[in-house]
Amino acid sequence: MGTGRGRRDDGARRPPVANAMSEPLLPSGVDVSFADIESALDGGFDDDARATPGRALTATIVVAGPLPRLVEAAHALGELKDVGVRAVLISSGDNPAPTVRISRHTVALEGLSARYLNNAVAALRLSSLPTLVWWRGGDVQNLEGLAGLADRLVLDAEDPREAWAAVETLVERTAVSDLRWTRLTRWRALMAHFFDLADVRDAASEFRTLRVEGSDRHAARLFAGWLVSSLNSRERIPPELRETPGAPPIEAVVLGDGAQELTLRLAANRTCVEATARVRGLAPASRIVSLGDQGLGALLGEELRIRSRDLAFERAVAASKEFV
């Protein structure tokens with residue numbers, strides 16, 4: 001049973017976005033006209049002290065969504081220390097000629113009308129390099145056009161249901177993923193590792209219950225969709241999604257039949273997961289594994305390393321539609 005890929009997982013605490021409505025995109029940037037963006041970038045405007053001079057660019061990251069979530073994303077892009085990217089930040093609005101700011105390899109368009117979104121992305125991406133589009137919410141009707149311009153589309157809406165409903169169509173145009181999926185990687189890997197044990201594989205046909213607990217019902221749906229689709233057990237194991245307000249996105253996962261259980265539970269420090277197996281023929285065993293860096297910058301860095309289509313994610317999204 002594959003995990004789809006080996007990345008970090010759930011329990012992330014996102015940076016606060018207080019006062020994001022009043023904070024402009026790229027406040028340290030230089031105002032330019034849209035027509036002058038490329039010449040200004042070539043001219044080396046540099047108000048970003050964190051950038052490393054001379055770093056070769058390897059990709060374009062386009063971030064699109066509401067202004068508060070774009071401000072948060074801009075901070076996350078500043079955490080990408082080991083890769084060189086052109087970052088294009090486009091907040092949604094109704095302005096055909098929005099404010100444009102640049103700072104070294106970053107361009108920010110604040111309040112762009114959706115009508116001009118595809119044109120802006122096509123003009124500002126580096127066509128000779130891979131383009132990752134990080135979609136942080138908005139009108140899902142924009143996704144199809146963005147998918148046609150991207151080598152990878154990473155969804156990241158607060159409510160992903162409309163976007164997930166479009167995944168089956170979007171994957172015909174580009175590789176698609178979701179940052180919730182990225183956060184779930186360590187959880188998925190730990191659950192998959194249980195099945196490396198022959199006794200667990202033998203007991204799998206007897207499992208009848210799956211409970212996923214946490215504050216993010218959408219993440220719980222996605223994990224349940226991945227697990228039941230991997231076990232080919234949609235009818236045999238109807239998931240129980242237990243919402244716990246105030247808890248981390250995922251707090252615990254329990255798979256079993258009452259007498260036998262595979263359990264993943266977030267430790268009290270919220271930075272580790274304890275994995276425990278209680279299966280016939282197997283001595284009770286547990287281990288504790290770190291979740292690793294769960295910051296937005298680290299998760300985005302994981303996405304930048306992936307180029308291929310993620311069939312495990314696609315199957316998980318399809319299966320999750322049954323779990324309202």
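**View 1. Arg242 and Glu213 meet through their side chains in a salt bridge, at 3.7 Å from N to O.** Arg242 sits in strand β10 and Glu213 in strand β9, so this pair links parts that lie 29 residues apart in sequence. A salt bridge here is a side-chain nitrogen of Lys or Arg within 4 Å of a carboxyl oxygen of Asp or Glu. Please keep in mind that this is a predicted model: local features need pLDDT of at least 70, side-chain atom pairs count only at pLDDT 80 or more, and totals for chains, interfaces and linings use all residues. Residues are numbered from 1 along each chain as its sequence is written, and side-chain values use heavy atoms, with hydrogens and water left out. Buried means under 20% relative accessible area, exposed means over 50%, and partly exposed falls in between (1.4 Å probe, protein chains only).

**View 2. Six strands make up an open sheet with mixed pairing.** Their order is β10-β9-β11-β12-β13-β14. Strands β10 (239–243) and β14 (285–290) are the edges, each pairing on one side only. On average, neighbouring strands of this sheet are turned by 10° against each other, direction ignored. Inside the sheet, β9 (residues 209–214) and β11 (residues 252–256) pair in the antiparallel sense over five bridges. Strands (E, at least two residues) and helices (H or I, at least four) are DSSP runs numbered from the N terminus, and two strands pair if DSSP finds at least two bridges between them.

**View 3. Helices α8 and α10 each lie across strands of the sheet.** Helix α8 (residues 185–194) lies across β11, β12 (261–266), β13 (272–278) and β14, and runs at about 155° to β12. Helix α10 (residues 217–230) lies across β9, β10 and β11, and runs at about 160° to β10. Axes are lines fitted to C-alpha atoms, for helices over the stretch in contact (heavy atoms within 4.5 Å). Angles run from 0 to 180 degrees between N-to-C directions.

**View 4. Arg86 and Glu38 join their side chains in a salt bridge, at 2.8 Å from N to O.** Which parts does this pair tie together? Arg86 belongs to strand β3 (residues 85–93) and Glu38 to helix α1 (residues 37–42), so the contact bridges parts 48 residues apart in sequence. Arg86 counts as buried at 6% relative accessibility, whereas Glu38 counts as partly exposed at 31%.

**View 5. Glu302 forms a salt bridge with Arg305, with the closest N and O atoms 3.6 Å apart.** Glu302 is buried, with a relative accessible area of 11%, and Arg305 is exposed, with 55%. Elsewhere, salt bridges that share partners join Arg211, Glu213, Glu240 and Arg242 into one network.

**View 6. The whole chain has 12 helices and 14 strands.** A search of the whole structure finds 17 salt bridges. Of the 324 residues in the chain, 53% are buried. Among contacts between residues at least 6 apart in sequence, 70% join residues at least 24 apart.
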